[in-house]
Amino acid sequence: MAKCYSDWPPLPPLHPARRTPPQSHISLCTIKRQVTTFVLHCSRSCASPILAPKNLTDEFQAVPPSVSPLPDAPKLGISNKFIRGLCSDQQTEQLAFECYRRALLQPEFRPEKKTANALAVQLLRAKQWDSLELLVEDFKAYGVLPEKRTCARLIASCIKARRFSLADAVLRVLEGKKGAPAVMAFSSAMLAYNKLHMYRNTVLVYGQARAARLALNADSYRAVMEACGALGESDMAASMLKLYRSQKWYPSDSCVDTYAIVCDALGKAGRALDALRCLREMEEDGLSPNAAIYSSVIGTLADARETAAVEDLYREAWDNKMLGDPDMFLKVMIMHVEAGVVEKTIEVAKDMRQIGLRITDCILSTIINGFVKRRGLKPAIRAYDRLVFIGCEPGQVTYASVINVYCRLGRSDRAESVFSEMMNRGFDKCVVAYGNMISMYGKIKRASEAMRLLALMKQNGCEPNAFVYNSLLDMHGRLGDSKQAEKIWKEMMRRKVRPDRISYTAIIYANNRSGELDRCIELYQEFRETGRKVDKTMAGLMVGVFSKRSRFNELIELLKDMNTTKLDRRLYMSVLRSLREAGLEVHVKWLQSNFNVVEEKT
């Protein structure tokens, strides 16, 4: 209790004992008025916006002018118990720190542990960071600390609020104590930095704790190993695991999560066999790997293409019912796909179906495209048929991939069947599928079906892209229908689809077939204005156009702009024949001296 003076109004206890019967002649309003009078006396020596009388509630009356003046600060007699009482009441907690600062002016006042704890909790709740900085300085000056849980909360809150300098100040105060508060605070700092992905800071805090010779707990080691894994420091994570295994709490059930972190760190570093050895060491210590560890190690081994180790560990995890990660299944299937083993890929898909996992469209399309790349088109179709047979449902991406395979095989009937199935299932806005079908129709010269599909594509709200228009331009060019090609070209311009080199080559080819040589030259000049380079296909077309129009100077410029001294035999002979027929022997000699013939590989 605060020391009472004869000229001060009496101050009732903040929390009367429960066993003491209430005094009927003292009302609650009277007690509040007496507390207010005391605080107003304390606040006169230093005006504070928090303690200003205008912030008090209306039921508090102003102090009568007959009260004697405030004594000197050393005579206030503010106790630790009084400050804690202010902290415990929501109506007076904002006054607690100000009274605490005034109490420090008393020569006999020393803050207690409970007082420091109550003030820290109250300031954290109010997020008064400037006041917390002053309180932390008092921690160091008076050698008093809050409870260990409050220290941990203080550190975590400072880091979460990006008050890193304040967090460092608290850690500097705690590192010399070497007690439970210091251990919990450093652990809390590491965990908080990891949540912000500030892994470098986690490692720095760990180094600070080691320099202070603190006996870190299991959470601290796990936080550091997680930071090392995120930073790619797999060697440091492995060395930390050795220190972890030497501690008195090892082994325990919580150690399983630590092994999961280390195995994941080794896997990210590409050390698949080291991750497998880590798993085996765990089993030797009597700990059973969980599903996360099995998935991490199997996925790492699959990425490293350790087929034998993957199959053994996969079967072991399957027998222990520890498989359930779709990403791990995908990695194993990709490994089998690249090895070209259809049967094992299907077995993994069956396992996914058996444990209730859905084989997504992404997984199916990855399998199909993988077989196309590694084994060819027909093995990809066989894999697709097997996957559909076991109950896998293809999606838009898978349908588009299968249609592309059938188009490349020349199986227009199967491509149409799959495309029809795709439309019936509601996947009617896939530009890739439309483009593949139109390209196929163009190659087999079924112009009416291609144009019908283009109209259907627009009707379904799917915008044609450059690939679709290029297929149509190429189709009409092969048919020698320059008028339809020009219509497609104008539509392409109207829809603001930017033509590429293939587009210009196709429209020039169509006009060349129809004898529209001037239009070919016009399109060629338009193409050159875009700044793109001429390939050998366009060069072969324009050599014929320039030769027919006897524009040999432009033909020579075309050869110079190709920036190469090697021409394939067909293009070389075409230029040579044109120059000789025109009687330009000087240009013939220039061609023979500056360009070489490259035989095409068959």
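Biologist: Is Val534 buried or exposed?

Modeller: This is a predicted model, where local features need pLDDT of at least 70, side-chain atom pairs count only at pLDDT 80 or more, and totals for chains, interfaces and linings use all residues. Residues are numbered from 1 along each chain as its sequence is written, and side-chain values use heavy atoms, without hydrogens and water. Buried means under 20% relative accessible area, exposed over 50%, partly exposed in between (1.4 Å probe, protein chains only). Val534 has a relative accessible area of 13%, so Val534 is buried.

Biologist: Which residues is Val534 in contact with, leaving aside its neighbours within four places in sequence?

Modeller: Val534 sits in the loop between helix H27 (517-529) and helix H28 (536-548). Helices are DSSP runs of H or I, at least four residues, numbered from the N terminus. Contact means heavy atoms within 4.5 Å. The residues are Tyr524, Phe527, Arg528, Ala539 and Leu558.

Biologist: What separates the C-alpha atoms of Val534 and Leu558?

Modeller: Along the chain, Val534 and Leu558 are 24 residues apart. Their C-alpha atoms are separated by 8.3 Å.

Biologist: How do helices H15 and H17 pack, roughly parallel or roughly antiparallel?

Modeller: H15 covers residues 307-319 and H17 residues 342-354, with axes 13 Å apart and an angle of about 20°. Axes are lines fitted to C-alpha atoms over the stretch in contact, and angles run from 0 to 180 degrees between N-to-C directions. Angles under 35 degrees count as roughly parallel, over 145 as roughly antiparallel, 65 to 115 as roughly perpendicular and the rest as oblique. That angle therefore makes H15 and H17 roughly parallel.

Conventions. Helices (H or I, at least four residues) and strands (E, at least two) are DSSP runs, numbered from the N terminus.
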